[in-house]
Structures are given as structure tokens and as C-alpha cells.
Amino acid sequence: RIEKIEAMPSLPVYADKVIYEMNDADGTLLDALAQTGTDSGQFVGTDSNITANGLGSLVFTGNGTNDAFRTHLLDVAYTSGLHRLEFAFDDWNLDASEDSSLLKYGLTDATGANTVQFGIDVNTNNATVRFRAAANNGGDAGQDFYDHAGYVASTGVVLRIDVNLDAGTYGASWRYDDATSFTDVVVAGSLGPLASAAQLRLL
């Protein structure tokens with residue numbers, strides 16, 4: 001006999017609240033980038049070393065000024081639900097001479113003190129590219145490093161963060177931009193004290 005039949009849980013449906021295509025004129029600064037999502041905000045910050053290149057990309061050059069305002073303030077501070085961020089790096093060509101050079105992005109709460117972030121850097125100790133994910137800079141919730149010795153520098157990557165505010169967990173994964181499947185770096189990592197999503201940030 002059949003006592004119970006249960007449907008498989010459906011996959012979450014994500015709405016595009018924030019979309020930056022980076023299809024802006026050469027030299028466009030963060031605070032002038034076009035944003036076409038349903039959220040009304042846009043990045044602020046005027047680091048002259050972070051600009052659109054007129055070819056559909058945002059280009060980071062040099063050390064920059066560590067501008068504290070590379071932030072997109074969301075219309076709503078979300079305290080529940082599933083949230084996904086994806087950032088596509090179409091070119092990553094750093095080598096051993098740029099040890100510890102890092103690009104990362106993430107979500108913060110309204111105070112900006114609590115974060116979840118994901119990035120890519122150069123690690124000369126292990127002669128690898130390193131994917132680095134953390135909640136609160138590797139503090140209470142720990143930090144995960146993923147070394148990838150076979151990384152192809154001229155190939156772009158897509159970095160993904162999945163945040164589950166109901167469960168207090170996050171996942172981080174990546175893929176080459178010409179691939180379709182993601183490789184997990186973190187699965188169900190703790191968000192620690194991060195309990196809301198109020199800002200997108202380039203870190």
C-alpha cells in the first residue's frame with residue numbers, strides 16, 4: 001500500500017532586484033553606473049581606479065583609495081528568505097607578482113559591521129589562485145579557503161553567494177564563465193551575527 005506521497009521541494013524563484021550590466025561609457029565611476037533592477041539604489045563611491053571601460057566591464061586597476069562607500073544601499077533591509085548574489089569577472093590575469101591581491105564582494109547588514117563575502121586572490125605560497133569566503137571577515141563564523149592550482153588566468157569566472165536568512169547560513173560557489181555548473185566552496189556556512197541583508201558591497 002501507499003501511505004504517503006510527497007512532492008519534491010520546488011527550487012526558489014529569484015527576482016532580479018539589482019542588475020549592473022557595466023555597459024557604461026569608458027571612465028564611468030561607481031556612483032554613475034546604470035542599475036536596472038527593481039531596487040531604486042545604485043553604488044556610491046568615486047574611486048578613480050574603479051571605472052567602466054566602455055566594453056561592458058568594470059575595471060579595477062592599482063591600489064585604489066580604499067573608498068569606504070563602494071556600497072549599494074537596498075530599499076529594504078531583508079530579514080528573512082533566500083537571497084543570491086552573482087558577480088562575473090570576465091578577466092583575471094594577476095600573477096605571482098601580485099601576491100595577496102584580492103577582489104571580493106558581499107552583503108552587509110544596515111550597520112555595515114556584519115558581512116558575508118566571497119572573493120578571489122593570488123596566493124604565491126601555494127602557487128595557486130585562491131577563492132576566499134567568509135562571514136564577518138573570518139571571525140565568529142569561520143572562514144573557508146579553496147585553492148585551485150589548475151585555474152586558467154585568462155578565463156573569466158562567476159562567483160555566487162547564496163544567503164539563507166531563515167536558517168542563518170550561506171553558500172559560496174564558482175564556475176568558469178564558459179561553463180554551466182558551479183563548484184562549491186562553502187555549503188551551509190554560518191552567517192554568525194549577520195541577520196539581515198541591507199547593502200551590497202564591493203570590498
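This is a predicted model: local features need pLDDT of at least 70, side-chain atom pairs count only at pLDDT 80 or more; totals for chains, interfaces and linings use all residues.
Let's begin at a pocket: strand 10 gives the most to the lining of the second largest pocket, contributing five residues. About 240 Å³ of space lies inside the second largest pocket. Its lining is made up of 17 residues, and those closest to the centre are Arg84, Asp162, Val163, Tyr170 and Gly171. Which elements give two or more residues to this lining? They are strand 4 (82–89), strand 9 (157–164), strand 10 and strand 11 (183–190). Sorted by class, the residues lining the second largest pocket are nine nonpolar, five polar and three charged. As for how such spaces are found, rolling a probe the size of a water molecule over the atoms shows where empty space is left.

Now step back and take in the whole chain. How many helices and strands does the protein have? Its secondary structure comes to zero helices and twelve strands. Read from the N terminus, the order of elements is therefore simply β-β-β-β-β-β-β-β-β-β-β-β. Of the 203 residues in the protein, 42% are buried. The contacts tell us about reach along the sequence: among those between residues at least 6 apart, 53% join residues at least 24 apart.

The protein has six aromatic pairs in total. One of them is formed by Phe118 and Phe131, a tilted pair with 6.5 Å from centre to centre and 40° between the planes. This pair links distant parts of the chain, with Phe118 in strand 6 (residues 115–123) and Phe131 in strand 7 (residues 128–135), 13 residues apart. Are these two residues buried or exposed? Both Phe118 and Phe131 are buried.

Together with Trp174 it forms a stacked pair, with the ring centres 4.5 Å apart and 20° between the planes. Here too distant parts of the chain are linked: Phe131 belongs to strand 7 and Trp174 to strand 10 (residues 169–176), 43 residues apart. Why does Phe131 count as buried? Its relative accessibility is 0%, and buried means under 20%. Trp174 is buried as well, because its relative accessible area is 3%, again under the 20% cut-off. Taken together, ring pairs join Phe118, Phe131, Trp174 and Tyr176 into a cluster.

Another ring to visit is that of Phe182. The charged end of Arg160 sits over this ring, 3.8 Å from its centre.

Our last stop is Thr108, which lies in strand 5 (residues 102–108). Thr108 is buried because its relative accessible area is 0%. Which residues is Thr108 in contact with, once neighbours within four places in sequence are left aside? They are Asn114, Thr115, Leu194, Ser196, Ala197, Ala198, Gln199 and Arg201.

Methods. Residues are numbered from 1 along each chain as its sequence is written. Side-chain values use heavy atoms; hydrogens and water are left out. Rings of Phe, Tyr and Trp (its six-membered ring) pair if their centres lie within 6.5 Å; planes under 30 degrees apart count as stacked, over 60 as edge-to-face and the rest as tilted. Helices (H or I, at least four residues) and strands (E, at least two) are DSSP runs, numbered from the N terminus. Buried means under 20% relative accessible area, exposed over 50%, partly exposed in between (1.4 Å probe, protein chains only). A charge sits over a ring if NZ of Lys or CZ of Arg is within 6 Å of the ring centre and within 35 degrees of the ring normal. On a 1 Å grid over the protein atoms alone, a cavity is a set of points where a 1.4 Å probe fits but cannot get out, and a pocket is an open set with protein on both sides within 12 Å along at least five of seven lines; lining residues have an atom within 4 Å of a point. Grid points are joined across faces, edges and corners, and a volume is the space filled by probe spheres set on the points. Ala, Val, Leu, Ile, Met, Phe, Trp, Tyr, Cys and Pro count as nonpolar, Asp, Glu, Lys and Arg as charged, and the others, Gly among them, as polar. Contact means heavy atoms within 4.5 Å.
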